[in-house]
Amino acid sequence: MAVAIGFRFFPTEEELVSFYLRNQLQGTRQDMHLVIPVLNIFYDLEPWDLPKLAGELCKGDVEQWFYFIPRQEREARGGRASRTTASGYWKATGSPGFVYSSDDRVIGMKKTMVFYKGKAPNGRKTKWKMNEYRAIEALSDPYVAAPPKLRHDFSLCRVYVASSSSRAFDRRPLEAHNNAATTSGGASGTSHAGGDHYNPAEASEDEFWELVNNLEEHAIGWEQLNEI
């Protein structure tokens with residue numbers, strides 16, 4: 001598949017969850033893997049090795065890279081997912097947040113992680129960051145009160161290097177930002193279709209997993225980059 005000169009893949013969070021992740025969970029649209037491949041980015045892969053493993057149509061991207069992450073076997077047995085690699089580990093930061101559609105429906109959850117070199121808890125923080133998204137199963141009847149069901153079989157991860165400069169996926173329209181603050185009542189961790197990187201209050205790893213695990217699972221989630 002050929003793309004026009006200047007093509008860049010900059011999806012909103014709503015598009016990531018409602019289109020890409022949901023199609024992956026349903027086993028449809030295999031052509032999506034040209035931009036978001038299936039890859040277990042933990043264990044054997046360091047963050048600075050990931051750009052060259054990006055989707056075929058995103059090999060030239062230098063700001064962000066996307067991957068579908070299959071559920072780990074230990075998660076399927078009821079354990080906690082491993083976030084370690086040979087040289088370090090991914091650590092959750094901030095509080096998890098909901099991802100909202102443009103019509104203010106909760107469609108997913110998002111957590112942010114930072115990569116640390118070395119062994120926990122004394123690793124050295126790097127500039128490598130990750131947003132992990134999981135989809136929430138849509139209710140067949142929106143008027144029936146029921147707890148959200150978090151899909152665990154695949155998650156979608158956005159990997160990037162933290163920067164002080166404004167990049168395409170950092171920019172958030174003022175109108176969308178104000179709308180998010182109004183509709184969410186100022187709650188931390190909310191994220192609308194047009195907004196990324198809203199920084200909630202810090203939460204411990206245990207607090208994060210307590211919130212995530214309380215969501216019922218569906219029965220069926222160029223420079224020397226390696227020097228950062």
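Student: Why does K52 count as exposed?
Tutor: Exposed means over 50% relative accessible area, buried under 20%, and partly exposed in between, with a 1.4 Å probe and protein chains only. K52 has 55% relative accessibility, so K52 counts as exposed. This is a predicted model, in which local features need pLDDT of at least 70 and side-chain atom pairs count only at pLDDT 80 or more, while totals for chains, interfaces and linings use all residues. Residues are numbered from 1 along each chain as its sequence is written, and side-chain values use heavy atoms, with hydrogens and water left out.

Student: What makes D49 partly exposed?
Tutor: The relative accessible area of D49 is 23%, so D49 is partly exposed.

Student: Why is the pair D49 and K52 called a salt bridge?
Tutor: A salt bridge is a side-chain nitrogen of Lys or Arg within 4 Å of a carboxyl oxygen of Asp or Glu. The closest N and O atoms of D49 and K52 are 3.3 Å apart, and the pair forms a salt bridge. Side chains of opposite charge can pair when their charged atoms come close.

Student: How many salt bridges does a search of the whole structure find?
Tutor: The search finds eight. One of them joins the side chains of E13 and K110, at 2.9 Å from N to O. That pair links distant parts of the chain, with E13 in helix α1 and K110 in strand β3, 97 residues apart. Helices (H or I, at least four residues) and strands (E, at least two) are DSSP runs, numbered from the N terminus.

Student: Are E13 and K110 buried or exposed?
Tutor: E13 has 0% relative accessibility, so E13 counts as buried. K110, at 8%, therefore counts as buried too.

Student: How do you know that the length of helix α1 agrees with its number of residues?
Tutor: The expected span is 1.5 Å times one less than the number of residues. For the 14 residues of α1, residues 13–26, this should be 20 Å; the end C-alpha atoms are 19 Å apart, which agrees.

Student: Why is α1 described as largely enclosed by the rest of the structure?
Tutor: Ten of its 14 residues are buried, so α1 is largely enclosed. Among the buried residues are E13, L16, Y20 and L25. The buried residues of α1 pack against β1, β2, β3, β4 and β6, where contact means heavy atoms within 4.5 Å.

Student: What makes E132 and R134 a salt bridge?
Tutor: Their closest N and O atoms are 3.8 Å apart, and both residues are buried. Salt bridges that share partners join R83, K111, E132 and R134 into one network.
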